[in-house]
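The following exercises concern a complex whose sequence and coordinates are displayed below. Please work through each task before reading its solution.

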Amino acid sequence: MSVAIVVVSHSEPLARAAVALAGEMLQGGEVRVEVAAGLDNGSGGFEVGTDAMRIKEAIEACVDADGVLVLVDLGSAVMSAEMALDFLDDPTLRERVTISPAPLVEGLVVATVAAAGGATLAEVAAEALDATAAKAAHLADPPEMQTDPSSPVEPSSPVEPSSSVELVETPPAMSGRFTVRNPHGLHARPAARLVQEVRRLAADVELVNLTTGAGPEPGSSMIRVAVLGAAQGHEVEVRARTQEAVDAVVALAERGFDESFETPHEPAADQEPATSAGGPRGASPGVVLGPARRLVSAPLEVSEAGGTPEEESGRLDVALAAARGEVEATHRALRQTPEAEIFEAHLALLDDDSLLGRARALVAEGRSAAAAWTDAVAEVHDEWAALDDPYLRERAADVDAVGEQVLRSITGVAPAAMPAAGVLLADDLTPAEAAALDLDLVQGVVLAAGSPTSHAAILARARDVPLVVGAGDLARTAPDGATVALDGSTGEVHVDPSDEVRRDFERRAEAEREQRRTALDAAQRPAATTDGVTVVVGANLGSVADAELARASGADKAGLVRTELLFLGRDDAPGEDEQATTYAAVAAALDRRVTLRTLDVGGDKPLPYVAAPAEDNPFLGVRGVRLSLRHPDLLRTQLAAMARVADDADVEVMVPMVAVPAEMDAVRALLPEGSSLRLGMMVEVPSAALKLPALAAHVDFVSIGTNDLTQYAVAAERGNPGVAELGDPLDPGVLQLVERVVAAGLPTGVCGEAAADPAGVPLLLGLGVRELSVAPPAVPRVKALVRTLDTASCAALAREALTLPDAAAVRRLVAGS
Amino acid sequence: MTDALSLEQLRAWVDGFAASVKEHREELTELDSAIGDADHGSNMDRGLRAVGEALEAKPPADAAALFTTVGMTLVSKVGGASGPLFGTFFMRVGQALKGVDAVDVAALTAALEAGTEGVVARGKAEAGDKTMYDALAPAVAALREAGAASPGEALAAAASAARAGAEATVPLQARKGRASYLGERSIGHQDPGATSVALLLEAAAAAGGGARAT
């Protein structure tokens, strides 16, 4: 049986007449159409109105159909139809019912025809929604034609978001052309840049691929742009209402969509991508011998069962926000590397009108968030996978990756993880999986599929994990635990190698380790600039393991020891003994000076044993020293533990979020009697940076937390992708704050991301900073960088940077120096 | 003994609401003719008459059954948007009172909150959209604030809040329902749905007035 239709109208004569009109189109076909219109007046007649119970009965009369499309007229018809779904005796029937926002008469006519032709429910629904397209096209010109605003206006029918980008409206008046220069065509990254520009222009831009005839497609959706299949050399027409918009897009295309065409770290870039034929290939250098391991993950199950559309819509939004946060974090970690572009494309997908519109429309139809998202992703995947361009086909994996990440967030299923240390064998890795690999456990990776240009390969190189791709069955059949030998430079892989091969690999691995040792040895020595100025490069730590890694990496000190880990995730505060033991262990593991930071939490991370009122703005609320001073016993205990460790180790203490001298005095008053602990402050509050001379007498040293200082100075929340571009610590305003802090003459360190940023280091040195503290693995790299710089050039660079308008200009200045 | 409303009082509330709507039928219809389709008064009256018949035919055993019957009947008999909206409201109130022995101020507050949430979910209205929600929301807030007061006092506070809320819809521009099609011309008229809510709470205050229990 085909799809059935239920007509809901306030007026029973209107519904009957519409059904008769639609029946004339059928020409012999048969479609079940039920009417639930008007209000039974109890004496055989009808009054104007709608009745949810009658709609329910009409839907249930169609129980045998392949699906039920409910067409509704105005206002209460929509609510009564929604209510009828709540009343259905068999709740599973609900999954086969779609309430359509299509106009009643036109929608009924085309839906009847489509249903008679055997179309699916989704197809019938789509047809109905497009029912006014013919009228719209006919009436489209001239644009001046408008309805008189003073007369009652019929509301335009609500249009499903996904179709709003597909409807071809008035052809825009202006046009221009460009030839695609980008080697991989208008793929994810340039497409994302294009969409960004089109949105910035707030113009209706359409694109046609003149070479293939594909399009027109809206320039505001990355997914639709990808469907153009515009490869290098293709000619593309740009259409827009204004010449300005056309010119802007053409100019962007001529700049190659701001993509750098060099593809560093891509040894196999000249090979045909997207293929695993031709045997295993090296994709990230390194030699490893280890037991075979596979990722263990809970299966992802997509349940159709869900709450109300409002609840499901909320779940979808929360999951999207969570996925955005994760992708943004990865993107930040890879900032300044070409790999970051992968995640820019992912962020664009997570914000794509076409993808989100489809998912939201399905949720509005009553599907669960998980089911709606899965279907929307599958649709886009299929569209991309059907494209001719192999590179774009491969990018369908991006869609899947983003799709799975969001789905995991909706369903709360944790991503796959390594069960134990060894060599990871897998069919392929999503970028999210590759980015989440636990480097403590993953010694190397062998993929059955994949290519050296895949995101997983790019990430493996960025994270220094040896990788072989295209290993085929070898990766699938090797038993768990079998010894795997791999060389990520040559692509060799052996399962259960012979003694001879094993010895050969052990030799190569040893040679490699030797090389790394040499690099680490250099890191163990102090770093000085070419003009002989020593720069202390410390590490930021949170645990004893960090301290061990920092020592191995050559950290000169611990510029920041976070103590939060000790306090989070427990029901009562750690006592003085426990704290002292932990701090002493960190100091002993590093065996160099450590700067312990007192507890730095706020309303965003409430502790069960610290009463704190809920705050609308926890980052501007009671956090850091403000919170510590409200709980003096907690702070007194922490300071006592720190003072105890200072008896045997080189320890100093710094206090977060200080805004006024009184806070430092209050902290000092809580030190144990007679303690001579060095007490410093973190500079994160912009006003504190500006009035440091007034604070100087109250502190022994300062450490600039550039991450928080930046977010407060530029008013851009960290972790909010919408303002990520603003939150760059190299903003000249932030650099001016750093300059003011240094000018106060106290010993000054920097312990934010800027200290490890290749563009940030020369500027900080130029501003007079002589102490940096970075993540432990970054210590060798930062020391190597320091050794290439001279302070006079850095100072000149910094002076110029201070005069620039924004961080992007500063980065261009440093890149060009 | 806590201050609680008896089943008789709750029934008197519903009957009082029906009588009040009947009495104000022309006024409600007039309000609706200014910004809607001139059927609110007659629709609500028709629905509430049917409610009276249904309650006579099968007297409810408890508060939950009472309000569920009211809701189900309104859904089928009112016809306009008020059917699903008031219907949802009463059905949610009924659900919230399931298994509740003493309908005291706390239970009443929770039930009206649930009903209001149902209205918002069904109609997707927000404060200031010029809808019944603009009278319901302040009424529920007043109930919540009344806290320890007797049901009579609490409902009296809720009723005057609902009335003030309804009157405050006069300068608003409708953003939901048929009235929204009128755009700015909906300004200057009191919303009929919000007015009915005021009648509902006033009926509640009258019925609950004698609730100060032993």
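**Exercise 1. Determine which residue of β20(A) stands opposite A:A539, and describe the pairing around strand β19 of chain A.**

Solution. Step 1: A:A539 faces A:A558 of β20(A). Strands and helices here are DSSP runs (E, at least two residues, for strands; H or I, at least four, for helices), numbered from the N terminus. The model is a predicted one, in which local features need pLDDT of at least 70 and side-chain atom pairs count only at pLDDT 80 or more, while totals for chains, interfaces and linings use all residues. Residues are numbered from 1 along each chain as its sequence is written, and chains are lettered from A and ligands numbered from 1 in the order in which they are written.

Step 1: Strand β20 (residues 558–561) of chain A runs parallel to β19(A) and is joined to it by three bridges; two strands pair if DSSP finds at least two bridges between them.

Step 2: A:A539 also stands opposite A:V774 in β26(A). Four bridges connect β19(A) with strand β26 (residues 771–774) of chain A, again in parallel.

Step 3: With strand β18 (residues 527–528) of chain A, β19(A) runs antiparallel through two bridges, and A:A528 lies opposite A:T534. These two strands form a hairpin with five residues between them, and A:G532 in the turn has a positive phi of about 85°.

Step 4: Of the eight residues in β19(A) (534–541), seven are buried. A residue is buried if 20 or more other C-beta atoms lie within 10 Å of its own, exposed if 12 or fewer, and partly exposed in between, with C-beta atoms placed from the backbone.

**Exercise 2. State the strand order of the open four-strand sheet in chain A, and locate the helix that packs on it.**

Solution. Step 1: The order is β2-β1-β5-β6, with parallel pairing.

Step 1: The edge strands, each pairing on one side only, are β2 (33–37) and β6 (97–100) of chain A.

Step 2: From one strand to the next, the twist averages 20°. Axes are lines fitted to C-alpha atoms, for helices over the stretch in contact, and angles run from 0 to 180 degrees between N-to-C directions.

Step 3: Strand β5 (residues 68–72) of chain A is linked to β6(A) by four bridges in parallel; A:L69 has A:T98 as its bridge partner in β6(A).

Step 4: Helix α1 (residues 12–23) of chain A packs on the sheet, where it touches β1 (4–9) and β2 of chain A, and its direction makes about 165° with that of β2(A). Contact requires C-beta atoms, placed from the backbone, within 7 Å.

**Exercise 3. Compare the spans of helices α22 and α14 of chain A with expectation, and list their buried residues.**

Solution. Step 1: The expected span is 1.5 Å times one less than the number of residues.

Step 1: Helix α22 (residues 576–590) has 15 residues and should therefore span 21 Å; its end C-alpha atoms are 21 Å apart, in agreement.

Step 2: Helix α14 (residues 369–385) has 17 residues and reaches 24 Å from its first C-alpha to its last, close to the expected 24 Å.

Step 3: The buried positions of α22(A) are A:Q579, A:A580, A:Y583, A:V586, A:A587, A:A589 and A:L590. Just after this helix, A:D591 takes a positive phi of about 60°.

Step 4: In α14(A), buried residues include A:W373, A:T374, A:V377, A:V380 and A:W384.

Terms used
Contact = placed C-beta atoms within 7 Å.
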